Structures are given as structure tokens and as C-alpha cells.
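Please read them with the model open.

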Amino acid sequence: MNRRVFLGAAVISTAAIGFGLYQPEAHAENLTLEALSGQALATSEDTLLVDIRRPEEWKQTGVIEGALLVTYTDPQSFLQAVQPHLRDGQKLALVCRSGNRTSQATRQIAQLINGPVIDVQGGMNRILREGYTPVAPTRERGCSTC
């Protein structure tokens with residue numbers, strides 16, 4: 001390999017890691033990707049569902065009944081907001097608009113907690129396409145602007 005090409009690749013890799021563009025895959029045994037229905041998420045007693053979208057997204061599409069509304073910004077503040085609602089042994093399921101944000105968030109969270117973490121596949125887009133009728137977000141569930 002040409003020395004300049006090698007050095008260039010090393011610089012690009014270092015920059016990608018430094019700017020957070022590359023994130024190593026989490027190998028947490030407690031993380032799963034599941035395509036649960038809106039109804040299953042709304043009625044599950046053993047799962048705490050957290051909608052990690054922003055308030056304007058909750059208002060635009062509605063939310064799954066019973067979901068805790070906590071916008072995901074970073075793992076520490078998220079866990080601080082969620083842990084008082086999470087019972088021992090309860091699964092933690094995260095949903096966003098399309099599944100992109102939950103993919104990143106669940107990998108980060110799964111490394112920090114011992115319980116099962118579920119990335120809801122396809123997010124609210126999939127759940128709504130499947131016919132689920134959402135409810136309006138409320139202050140009681142965590143929407144500070146509703």
C-alpha cells in the first residue's frame with residue numbers, strides 16, 4: 001500500500017472516531033430488535049415503552065397509548081428520566097419515527113443497564129402503517145409542551 005494512502009486512511013479513520021461518525025457495534029446480550037405492534041406495546045405489562053422523539057413529532061402523529069415521552073439526547077440524562085418508571089425485571093422498549101434514532105440509543109443504553117432493551121423496528125412509521133390508532137401526547141406522560 002502506498003504510504004500516502006495509508007496515512008490518509010489513518011487520518012480519516014481517526015477523524016471519524018473523534019467526531020463520533022464511527023460507533024462500534026454494541027455486543028450487549030440484552031439488546032433485541034423486534035417488530036412489535038402498537039397494540040402489543042400499548043398493552044404489555046412487562047415492558048416500559050419510551051417514545052424518544054421530540055414534542056413536535058409527538059403532536060404531529062400522536063403516540064402509543066401508555067408510552068413514556070422522553071426525548072433522547074444522551075444516555076445519562078435519558079436514564080435519569082426513565083429509571084424511576086422502570087420496574088425490576090421490566091423490559092425497556094424504545095420507539096422513534098423510523099427506527100434510526102432507536103438503533104443508536106438502544107445500543108448506548110444496553111451497555112449501561114442490566115435489563116432487556118428492545119429497539120422497536122420501523123418505529124412509529126411502521127406502527128401507523130399497520131393501522132394502529134395513536135393517542136394525543138399529554139403532560140402526564142412527559143410532553144412538556146402539550
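1. Burial first. Buried means under 20% relative accessible area, exposed means over 50%, and partly exposed lies in between, with a 1.4 Å probe and protein chains only. C96 counts as buried, at 1% relative accessibility.

2. Ground rules. This is a predicted model, in which local features need pLDDT of at least 70, side-chain atom pairs count only at pLDDT 80 or more, and totals for chains, interfaces and linings use all residues. Residues are numbered from 1 along each chain as its sequence is written, and side-chain values use heavy atoms, without hydrogens and water.

3. The disulfide. A disulfide here is a pair of cysteine sulfur atoms within 2.5 Å. The count by this rule is 1. C143 is joined to C146, with 1.9 Å from S to S. The torsion about their S-S bond is about 70°, so the disulfide is right-handed.

4. Helices (H or I, at least four residues) and strands (E, at least two) are DSSP runs, numbered from the N terminus. Two strands pair if DSSP finds at least two bridges between them. Five strands form an open sheet, 5 strands in the order β1-β5-β4-β2-β3, with parallel pairing. β1 (31-34) and β3 (68-69) are at the edges with a single partner strand each, so one side of each has no neighbour in the sheet.

5. β4 with β5, and a helix. β4 (residues 91-95) pairs with β5 (residues 117-120) in the parallel sense over 3 bridges. L94 has D119 of β5 as its bridge partner. Helix α5 (residues 100-110) packs on the sheet and touches β1, β4 and β5; contact means heavy atoms within 4.5 Å. The direction of α5 makes about 175° with that of β5. Axes are lines fitted to C-alpha atoms, for helices over the stretch in contact, and angles run from 0 to 180 degrees between N-to-C directions.

6. The pocket. A pocket is an open set of points on a 1 Å grid over the protein atoms alone, where a 1.4 Å probe fits, with protein on both sides within 12 Å along at least five of seven lines; lining residues have an atom within 4 Å of a point. The largest pocket has a volume of about 170 Å³, the space filled by probe spheres set on the points. Among its 14 lining residues, S44, T47, L48, G66 and Q90 are the closest to its centre. β2 gives the most to the lining, with 3 residues.

7. Where is G66? G66 lies in the loop between α3 (55-61) and β3. G66 is partly exposed, at 44% relative accessible area.
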